[in-house]
Amino acid sequence: VIVGAGIVGAACAAALTGAKLTVTVLESGTVGGGATAAGMGHIVVMDDNEPEFALTKLSRDLWDALVPSLPGNVEYERRGTLWIAADEEEFAAVRFKHAYYAARGVRTEILDSGALHSAEPGLRAGLAGGLLVGGDAVIYSPCAALWFLRQAQAGGASLLNAEVLEFTADGVRLADGASISAGHVICAAGAETVRFFPEIPIRPRKGHLAITSRYPGFVHHQLVELGYLKSAHGVSNESVAFNIQPRATGQVLIGSSRQFDVTSPSIDARILRRMLRRSLEYMPGLASLSVIRTWTGFRAATPDKLPVIGPHPGNPRLWFATGHEGLGITTSTGTARLVAAGIAGHAPAIPAEPYLPARFLEKPHAPAHHHQD
Ligand SMILES: Cc1cc2nc3c(=O)[nH]c(=O)nc-3n(C[C@H](O)[C@H](O)[C@H](O)COP(=O)(O)OP(=O)(O)OC[C@H]3O[C@@H](n4cnc5c(N)ncnc54)[C@H](O)[C@@H]3O)c2cc1C
């Protein structure tokens, strides 16, 4: 039984049916309608730490292998990520990242100031340079989640529109009173996980996005300021960073913001303004574009910025696939691979230890009311 049909639960369903297991997916809303519908859909290899790099690289490789099968509405485009260095200090980080990725088998290209402006003429003058990670891509994540789920259904999985009220020792109890037992139950409920498992230290991290009308050719790569590393991976309560993306439709998707300790999903005009101003500092021409929609979503953030993947140390039938923060679209494929290998008893493609829930749940019988921060 898989609880949650976001991109993570759906990818797990596809991988587990592929491993010949019998799968039932429980979703209280719509498939891919949670954080998955809010995300940017950037498939990106990230180097914050070794386990993050290992999981994002594995995941990007798995996406690459799926490309020939992906339907058109997934809008997969290998745009590449262009990390932008505003000054010499950030350009030093470009050289460091280039060497780091090269040592781990990922090809990147250093662009000096001139090459950066040829690649993206809309960027303001005077930027120091950039790093092009050519294999990174862009997808439309809600359709990717739906596609994974359809793959699972084609392999025999069933989908139930049902709300889980409680995880029991051998399964789940639903809002309509029914109970389902299963050999394994996987919690893929995203930021909702804390409702059931407050002992797992996931905090919702709100994000805003804005999308423009159609301007084909306005931007060519996913553009991210290197300062993003400071804002996304710091732990400050509120930050914005220049992060824009060309959509297959010709639209420009503008991000992004990060806020802890906010529970309301409504648009916060103040932070949206900060975010858009930041984008204009890098790409002044954005000011002439028309934004047609803005929205927010919640990332499931963990204190060590790694997802929670694996069995509960006190109950080997209960598994987690959650806590993916701002990388769950990317790492859905790698997560599904780890979950399927673990449940089928196969060796994992990469070491599974860094993501295990046990790092937060040392005592097998930790009481449910025990919070960790
Ligand atoms: C603004 C923003 C930008 C982002 N950009 C990117 C990006 O560019 N690249 C990237 O890789 N990631 C990105 N992310 C992160 C990514 O969107 C998430 O990590 C990912 O979607 C998480 O997927 P999930 O399946 O774990 O969660 P969700 O999509 O939230 O799915 C969880 C599902 O569980 C269901 N559920 C919850 N509780 C219950 C219950 N009790 N019973 C039944 N069903 C239940 C929900 O209805 C939901 O459908 C971004 C996130 C945000 C907010």
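## Burial and the model

Buried means under 20% relative accessible area. By that cut-off C187 is buried, because its relative accessibility is 0%. The structure is a predicted model.

K305 counts as partly exposed, at 23% relative accessibility.

## Cysteines

How many disulfides does a search of the whole structure find? The search finds zero. A disulfide is a covalent bond between the sulfur atoms of two cysteines. Here a pair of cysteine sulfur atoms would have to lie within 2.5 Å to count.

For C12, the closest cysteine sulfur is in C187, and the distance is 11 Å. That is too far for a bond. From the side of C187, the closest cysteine sulfur is in C12, again at 11 Å and too far for a bond.

## The ligand shell

The ligand is surrounded by 37 residues. The closest are E27, T36, H42, E325 and T330. By class, the shell has 15 nonpolar, 16 polar and six charged residues.

Which elements each supply at least two residues of the shell? They are the helices α1 (7–18), α2 (35–38), α7 (193–196) and α10 (328–344), with the strands β2 (24–27) and β17 (291–301).

## Backbone contacts and cover

At V8, a backbone N or O atom lies 3.1 Å from an oxygen atom of the ligand. At I7, the corresponding distance from a backbone N or O atom to a ligand oxygen is 3.2 Å. At G41, a backbone N or O atom is 3.3 Å from an oxygen atom of the ligand.

The ligand on its own has 1000 Å² of accessible area, and the protein covers 93% of it.

## The largest nonpolar core

The largest nonpolar core has 45 residues. I2 and V339 have the most contacts inside it. Five elements are listed as each supplying at least two residues of this core: α1, α3 (50–66), α6 (141–154), β19 (315–322) and α10. The largest share comes from α1, with eight residues.

## Backbone exceptions

Most residues other than glycine have a negative phi, and most peptide bonds are trans. A cis peptide bond joins G255 and S256, with omega about -15°. S256 is in strand β16 (residues 251–259).

K305 has a phi near 65°, a positive value in a residue other than glycine. The loop between β17 and β18 (308–312) holds K305. E325 also has a positive phi, near 45°, and is not glycine. The place of E325 is the loop between β19 and α10. Is E325 buried or exposed? E325 is buried, with a relative accessible area of 16%. E325 is also one of the closest residues to the ligand.

## Pairs across the chain

Where does A321 lie? A321 lies in strand β19 and counts as buried, at 1% relative accessibility. The C-alpha atoms of A321 and L356 are separated by 9.7 Å, and the two residues are 35 residues apart along the chain.

D170 is in the loop between β9 (164–167) and β10 (171–174). At 34% relative accessibility, D170 counts as partly exposed. D170 and S181 are 11 residues apart along the chain, with a C-alpha separation of 5.3 Å.

G328 lies in helix α10. G328 is buried, with a relative accessible area of 11%.

Methods: Residues numbered from 1 in each chain as written. Predicted model: local features only at pLDDT ≥ 70, side-chain atom pairs only at ≥ 80, totals over all residues. Heavy atoms only, no water. Near = heavy atom within 4 Å. Polar contact = N/O pair within 3.5 Å; in protein donor to acceptor, adjacent residues only side chain to side chain. Areas by Shrake-Rupley, 256 points an atom, 1.4 Å probe, with all protein chains shown as cover. Helix = DSSP H or I, 4+ residues; strand = E, 2+ residues; numbered from the N terminus. Nonpolar A, V, L, I, M, F, W, Y, C, P; charged D, E, K, R; others polar. Buried < 20%, exposed > 50% of the residue type's maximum accessible area, 1.4 Å probe, protein only. Core = buried A, V, L, I, M, F, W, Y, C linked by side-chain atoms within 4.5 Å.
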